[in-house]
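Here's a quick briefing to read with the model open beside you. Have a look at the structure, then work through the notes below.

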Amino acid sequence: MAPAATTPPPEHELSINDKKAFTKSVYGSPDEALVAATARFVARNPTSRSLHLEAAKSLPGGNTRSLLHNAPFPVFMQRGTGYEVISEDGHVYTDFVGELTAGLYGHANPIIHATLKSTLDNVGLNLGATTRLEAQHARLICERFGLDLIRFTNSGTEANLHALQAARRFTGKRKVIVFTGGYHGAVFSFPDQHPAPNNVDLDDWIVAEYNNIEDAQLKIEESSDVAAVLVEGMQGSGPCIVGSDEFLHAIQSSARKAGAVFILDEVMTSRLAPGGLQSIIGLEPDMTSFGKYLGGGITFGAFGGRADIMAIYDPRFSGTLAHSGTFNNNTLGMAAGYAGLSQIYTPETCMAFSSRGDVFRQRLQEATSGTKMTITGRGSLVGIHFLVDGCKVLRSVADRKDDNTLKDLFWFEMMEDGFWLTRRGSLSLILDTPRSELDRFVRSVKAFLDRHNHLVRL
Ligand SMILES: Cc1ncc(COP(=O)(O)O)c(C=O)c1O
């Protein structure tokens, strides 16, 4: 029997793909298309709008995490399940935000769930004491990433903070070389040649250009008082601006030459290979910082590396540094992080997942060639850019001449197609995202570029 005829949904409920012919013929400029997309967004998300207005009565701008604010108002999510998130307005999205890499295991991994439940039932929340859980997780991370010793923190920001303090104590020096476009946490951000105004230690940073060997060598080797070189192998907030192997090896050598501690920030990139990005490139950092998925989805950070540097935090000796934090060894994160790394994200799974990501990214790169849309990244991390010159190889933020209107338009229209992305254009794949959703996204991207061909082609 033929399905009963249904009344078509109101226009604002249609997917942008359903309106392809309409959008193609009507919008003469990205600005016009963006105004229309924003209007559809407002119409589709009335509950989020009221929740935002209510939240703004007690949180500045209704926000407690800057990255998640989006004009005209953020979508409020109600819950997540598997690789999807469901908004307060009832829309279901494939989650490509993946909690900025911390959500690797998705929203309902049975091993993580069982571990959290059994930890609550059999261990308890926090014991205010040393437990076997932290030692077991420490041992596994040290083995996987080739560290002598490690310590835990509450976040990646704190991990970098303590790694830097260790480097300062170890060298007796103060300054830190960082790179344009680098992000090492809430108070360690370097959007351009200057530290962001909310950074700590504003006078102690020397900012070199990312992927510029000459500039980096000069600043590391010629500056005085350099305690550390702190770098990401791929800049997550770029999004996904990849450091070249030559550049990363060059700054490692320069750091050695200058007697500075070389700290690799693998908060985002540790998922890219069983031993992290450093193992792919053959880097041997003195110290590495970690965070995100290594806590199994619970708040987490860690830093570790050479025994002689980490000894600075050994409380058995006098004159060492204190490193405190009420939740450093919280039972849930220690147990879920260990279960995730030992039972789910095994070396084999990690390698297969990164290969899937590489294929996905290459398909997107093919789909976007000849347009202002540029795809960057490694493995399961993808950066999406809209650039006025369509530059395909981004060496540093200085190469990134954003077309913000197209970028915003893409974000609104991908949401209409049921994809949850960061507005800045980063994708962190969730482990169990089915192939069919990756295919659907590639089709959506192609449809977007086709629909707006006159606006996006080079
Ligand atoms: C490379 C890098 N380092 C450090 C951090 C800070 O981690 P957290 O947000 O856990 O403080 C982040 C967070 O996104 C990051 O991407």
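Isoleucine 177 sits opposite isoleucine 206, which belongs to strand 8. This is a predicted model, where local features need pLDDT of at least 70, side-chain atom pairs need pLDDT 80 or more, and totals for chains, interfaces and linings use all residues. Numbering runs from 1 along each chain as its sequence is written, and side-chain values use heavy atoms, with hydrogens and water left out.

**The strands**
- Strand 5 (residues 175–179) runs parallel to strand 8, and the two pair over four bridges; strands are DSSP E runs of at least two residues, numbered from the N terminus, and pairing takes at least two DSSP bridges.
- On strand 8 (residues 205–208), Trp205 and Val207 point one way, while Ile206 and Ala208 point the other.
- All four of these are buried, meaning under 20% relative accessible area with a 1.4 Å probe, protein chains only.
- In a regular strand, side chains alternate between the two faces of the sheet.

**Around the ligand**
- The residues surrounding the ligand include Ser155, Asn160, Tyr183, His184 and Glu232, where surrounding means having a heavy atom within 4 Å.
- Helix 6 (residues 156–171) gives the largest share of that shell, three residues; helices are DSSP H or I runs of at least four residues.

**Polar contacts (N or O pairs within 3.5 Å)**
- Threonine 157 has a polar side-chain atom 2.5 Å from a ligand oxygen.
- Aspartate 265 places a polar side-chain atom 2.7 Å from a ligand nitrogen.
- In lysine 292, a side-chain N or O atom is 2.8 Å from a ligand oxygen.

Notes
A polar contact is a pair of N or O atoms within 3.5 Å; within protein, one must be able to donate a hydrogen and the other to accept it, and residues adjacent in sequence count only if both atoms are side-chain atoms. Buried means under 20% relative accessible area, exposed over 50%, partly exposed in between (1.4 Å probe, protein chains only).
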